[in-house]
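Dear colleague,

Please find below the structure that I am handing over to you. My findings follow directly after it.

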Amino acid sequence: MRILFLGDVVGRSGRDALTAQLPGLRAALRADLVVVNGENASHGFGLAPDMARAFLAAGADVITLGNHAWDRKEIIPFLEQEPRVIRPVNFPPGTPGRGAVVVDVPGNRRALVVNVMGRLFMDALDDPFRAVQAELQRHRLGQTIQAAVIDVHAEATSEKYAFGHSFDGLASLVVGTHTHTPTADHQILAGGTAYQTDAGMCGDYDSVIGMQKGGAALRFWRKMPGEKLAPAEGAATLCGLFVETDDATGLARRVEPVRLGGRLSQAMPAV
């Protein structure tokens with residue numbers, strides 16, 4: 001299975017780049033499964049239903065969220081209607097929406113996607129490790145599902161690495177989101193799981209993690225409330241990673257970064 005994962009979409013710049021380029025990128029990589037983190041799509045904070053529909057129409061199979069899941073209140077009923085948009089699985093029981101979904105993939109195959117949020121320097125949610133473990137125990141990798149992707153929306157590198165090693169051999173891909181900076185540690189772990197600490201963002205990198213430089217920098221200089229943040233609107237770089245798996249085991253055979261457009265050095269896997 002060929003899997004394309006794209007990191008946090010930030011603001012109009014990220015949205016426009018994603019909807020314009022995803023159809024061609026999916027075709028070029030012959031991707032069977034596309035997962036996009038969309039939690040910063042709406043002015044940098046949250047995801048609106050019309051944006052989610054546009055991402056799905058452009059070729060996303062699943063959209064994941066994170067700590068800004070509830071910033072656009074109209075997403076709450078939408079999550080109940082659209083199972084392909086998921087929020088972190090470790091929100092408390094009774095929270096709207098779902099934290100995992102199994103989607104059909106070409107070739108009579110199925111893939112599990114799980115969204116989870118870390119707890120270091122983040123909201124104090126339920127145990128993320130046990131929540132993911134419970135989801136994985138409902139399926140058999142390489143048998144009832146041919147791939148499993150875990151989006152770890154977390155601040156701390158250590159927590160993300162702990163996820164990677166904890167579920168090595170049990171998932172096809174463990175990838176971090178939230179910090180908006182692509183890390184250079186893509187690898188296949190000892191047990192066969194592809195890993196990268198953070199996929200980076202789909203947004204303008206002439207910014208402070210996707211936000212306009214002026215207001216964001218003043219927050220550090222002055223430490224005063226009220227400095228407004230707005231998404232940077234220059235040319236966006238689509239950032240993520242590409243994974244090929246073995247259908248018989250569900251484990252990774254190849255992992256490579258994807259960086260397309262904008263300011264960053266370009267990286268496009270050969271297929």
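The accessible surface of the protein chain in this predicted model comes to about 11,100 Å².

With regard to the fold, the chain contains 6 helices and 14 strands. Its radius of gyration is 17 Å, close to the 18 Å given by the globule rule for 271 residues, so the chain is as compact as a globular protein of that length. The C-alpha trace spans about 55 × 40 × 35 Å along its principal axes. Of the 271 residues, 58% are buried. Among contacts with a separation of 6 or more, 63% are between residues 24 or more positions apart.

Two residues deserve a note on their backbone. Most residues other than glycine have a negative phi. Arg30, however, has a positive phi, near 50°. This residue sits in the loop that links helix H1 (11-29) and strand E3 (33-37). Its relative accessibility is 44%, and Arg30 therefore counts as partly exposed, the class between 20% and 50%.

Ile209 also has a positive phi, here near 40°. Ile209 belongs to the loop between strand E12 (201-202) and helix H6 (213-222). With a relative accessible area of 47%, Ile209 is partly exposed.

Yours sincerely

Methods. Residues numbered from 1 in each chain as written. Predicted model: local features only at pLDDT ≥ 70, side-chain atom pairs only at ≥ 80, totals over all residues. Heavy atoms only, no water. Helix = DSSP H or I, 4+ residues; strand = E, 2+ residues; numbered from the N terminus. Rg over C-alpha atoms; globule rule 2.2 N^0.38 Å. Buried < 20%, exposed > 50% of the residue type's maximum accessible area, 1.4 Å probe, protein only. Contact = heavy atoms within 4.5 Å. Areas by Shrake-Rupley, 256 points an atom, 1.4 Å probe, with all protein chains shown as cover.
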